[in-house]
Amino acid sequence: MTSLEIIAALLGLANIILIIRRSVWNYPFALAMVALSAVVLYDAKLYSDAGLQIFFFVVNIYGWWAWSRTLADDGEIRPLRLGAVAWAGWIFGSIGATGLWGWFMHVNTDASYPWWDASVAMLSVAGQVLMTRRYIENWHWWIVVNILSIGLYFSKGLYYFTGLYVAFLVLAIAGLVAWRRAERT
């Protein structure tokens with residue numbers, strides 16, 4: 001699985017760099033990355049993360065279509081911001097979904113670290129939906145997901161994915177800064 005993990009990691013880096021630039025061309029890289037990642041994560045018995053890749057695949061197809069329809073005159077995506085009530089709803093919804101999914105995976109599978117894996121999966125779902133809808137707050141979710149993923153993947157011996165998520169953490173912080181800057185212009 002090492003070669004698939006390396007290829008997925010490189011595709012992931014390209015994907016995030018293009019998202020930071022608010023480029024619609026992030027989506028082909030995302031589709032290839034999640035397809036390969038599903039295989040790697042399933043083999044590592046991280047079933048929540050493996051299943052998450054199927055969700056990512058579908059949402060990335062939708063995102064490609066949605067972003068293509070909302071391009072500004074300069075070809076970039078204009079970021080939006082959540083209101084306070086929506087922000088709180090996303091936080092509590094993410095916590096609730098993590099608890100329910102973690103319990104389900106704990107009771108019904110032989111998943112490694114079912115609660116940890118569930119937190120990565122459910123927070124990623126929220127982050128992906130927020131990103132697809134162009135909300136700046138997506139980066140806050142990705143920062144938390146990346147911190148959780150670094151420890152999870154390291155504990156499973158997925159060292160290329162661990163390195164990828166260290167890079168993703170740095171890029172998520174850069175993405176937050178870049179999207180906030182774009183919001184002001």
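W101, W103, F104, V107 and W115 make a nonpolar surface patch of about 520 Å². A patch here is built from residues with over 30% relative accessible area and no salt bridge, with nonpolar side chains (Val, Leu, Ile, Met, Phe, Trp, Tyr) joined within 5 Å and like charges joined within 9 Å. The areas come from the Shrake-Rupley method with a 1.4 Å probe, and for residues only the protein chains shown count as cover.

Before I go on, the model is predicted, so local features need pLDDT of at least 70 and side-chain atom pairs count only at pLDDT 80 or more, while totals for chains, interfaces and linings use all residues. Residues are numbered from 1 along each chain as its sequence is written, and side-chain values use heavy atoms, with hydrogens and water left out.

Which helix gives the most to the nonpolar patch? That is α4, with 4 residues. Helices are DSSP runs of H or I, at least four residues, numbered from the N terminus. F104 lies in α4 and counts as partly exposed, because its relative accessibility is 36%. The cut-offs are under 20% relative accessible area for buried, over 50% for exposed, and partly exposed in between, with a 1.4 Å probe and protein chains only.

S94 is also placed in helix α4, which covers residues 84-108. Is S94 buried or exposed? S94 counts as buried because its relative accessibility is 5%. Setting aside neighbours within four places in sequence, S94 is in contact with M122, L123, A126 and W141. Contact means heavy atoms within 4.5 Å.

Now the charged pairs. Side chains of opposite charge can pair when their charged atoms come close. The whole structure has 3 salt bridges, a salt bridge being a side-chain nitrogen of Lys or Arg within 4 Å of a carboxyl oxygen of Asp or Glu.

One of them joins D110 and K45, at 3.1 Å from N to O. This pair links distant parts of the chain, 65 residues apart: D110 is in the loop between α4 and α5 (114-132), and K45 is in the loop between α2 (26-43) and α3 (47-69). D110 is partly exposed because its relative accessible area is 46%, and K45 counts as partly exposed because its value is 37%.

R81, E137 and E183 are linked in a network of salt bridges. R81 meets E137 at 3.6 Å, N to O. They are 56 residues apart, with R81 in the loop between α3 and α4 and E137 in the loop between α5 and α6 (138-155). E183 meets R81 at 3.0 Å, N to O. That pair is 102 residues apart, and E183 sits in helix α7, residues 159-184. As for burial, E137 is buried because its relative accessible area is 4%. R81 counts as partly exposed at 39%, and so does E183 at 33%.

Leaving out neighbours within four places in sequence, F161 is in contact with E5, A8, A9, S37, V40, L41 and Y153.

Technical notes
Helix = DSSP H or I, 4+ residues; strand = E, 2+ residues; numbered from the N terminus.
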